[in-house]
Amino acid sequence: MSRELELKELYFGFRNPQTIKAYAKLIEEESKKLTRDVNIMEVCGGHTHTIMKYGLNQILPKNVKFIHGPGCPVCVMPKERIDHAYILAGQKDVILITLGDMIKVPGSHGSLQDARAKGADVRFVYSPADTLKIALQNPDKTVVFFAIGFETTTPMTAALIEQVIKNDIKNLLFHINHVTVPEPMRVLLDDETNKIDAFIGPAHVSVISGSKIYDEFAQKYKKPLVVSGFEPVDVIKSLYMILKQFNEKRCEVEVEYSRSVTKEGNTEAQKLNEKFFERREHFRWRGIGDISKSALKLRDEYSWLDVEAVYKDILPDQKIDDHKLCICGDILKGKANPKDCKVFGKACKPQTPLGSCMVSSEGACAAYYKYGNLL
Amino acid sequence: MCLSIPSRVTKIDKTTNTATVDTMGVSREASLDLMQEGSVKVGDYVLIHVGFIMNKIDKEDALLSLEAFDEILGRMDDDELQQSIIDSDKCFQ
């Protein structure tokens, strides 16, 4: 190694505005060689956030556009799943625990925040591991962990389950809503009206799964894909790599985020996932619809930990549609921009969201609202 | 949800299978449950997500990227560099 790396370089080296500018210039040169306009979908909401925060969409040439994808776990959670959480939180002696912005998403009865206002014990944790402490401190209560997230957070839930079994904890159950990235990508591409020319692949999903999960998108669908880190230099460099692929008539999976992503991913985490989870036949994605094999559930041998089995009688299974003015579905499919929505920034704001894309900080609408000088 | 923070490992506790890490001056604990036993060492850079170490950061690879950035910056002429500094002062405060 030529020299020692400093921790701060991992932040500031990948946020340097001059480097962003230098790549923007390289992108401009590449864009002149393009024979047509290109739309590049960033699958992950974390990238949408970076693009809006650093204004990367504003420094692109006219013939290169970002379109935002479905990779926001809070945004894609259908109302009926949130209703499950709401119903469970309302049960006597239940403590319902979840992560992130999930607490604010409206279901058909209200959000988990509303349930809490009505006296339900709903808690938000920083780490799934904190759930274990809450279960130990409340032996007379049933603790339900409402698990959400893509491949990134699935192994953390698996590690928690491992601890529950190891420590013989009897009062912690799971509501599993883990979803996977390649399946919705395939659905978007199978739609003949899609406008996607290439992908910026998720960062931390790929840390766990490895870049191998995207091979089909380059090979079968002929879409260039570059796995990118979350810093602004990562994203702009990935975009440059994609344009190079177009101009060199290549169609490959490349990894810009090679400091953390390998082809195989974190195999230890994958083993844990495999131990506890199997694919659901179907899962309904908010705004997108039913996608086969796109989500996980606990394996049958662990059904005693599965709140959907234990509380089966009180958890309804019917589909619940979104607010009729909300166009989150088209936004998640990359067919519409938040600004195309009639209620964006008016009836629908982060404090009073009608749709899920406005709730999560990774949602496209929330990012447009926050960084579009509307706050 | 998916954001993760680069940190440096300062201590490892084998009994609890946790690491103490430095995240830009803040010390905190993270679980090693997702990492192969013995694969994380003091001084390693790691990615932390919701209280778990999700992977190591390859130092050499990061240095290579940073060197490549320097090289690209070196290719910009002085006027462009000057202009980008002025622009970045406006945009990135």
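Here Ala, Val, Leu, Ile, Met, Phe, Trp, Tyr, Cys and Pro count as nonpolar, Asp, Glu, Lys and Arg as charged, and the others, Gly among them, as polar. The model is a predicted one, with local features needing pLDDT of at least 70 and side-chain atom pairs counted only at pLDDT 80 or more, while totals for chains, interfaces and linings use all residues. Residues are numbered from 1 along each chain as its sequence is written, and chains are lettered from A in the order in which they are written.

By these classes, the lining of the largest pocket comes out as 11 nonpolar, 9 polar and 11 charged residues. A pocket here is an open set of points on a 1 Å grid over the protein atoms alone, where a 1.4 Å probe fits, with protein on both sides within 12 Å along at least five of seven lines; lining residues have an atom within 4 Å of a point. Closest to the centre of this pocket sit Gln163(A), Thr16(B), Asn17(B), Ser31(B) and Asp33(B), out of 31 lining residues.

Then there is the interface, where 54 residues of chain A meet 48 of chain B in contact (heavy atoms within 4.5 Å). The side of chain A that touches chain B splits into 29 nonpolar, 14 polar and 11 charged residues. Lys59(B) and Glu4(A) form a salt bridge, their closest N and O atoms 3.8 Å apart.

Definitions and conventions. Heavy atoms only, no water. Salt bridge = Lys/Arg side-chain N within 4 Å of Asp/Glu carboxyl O.
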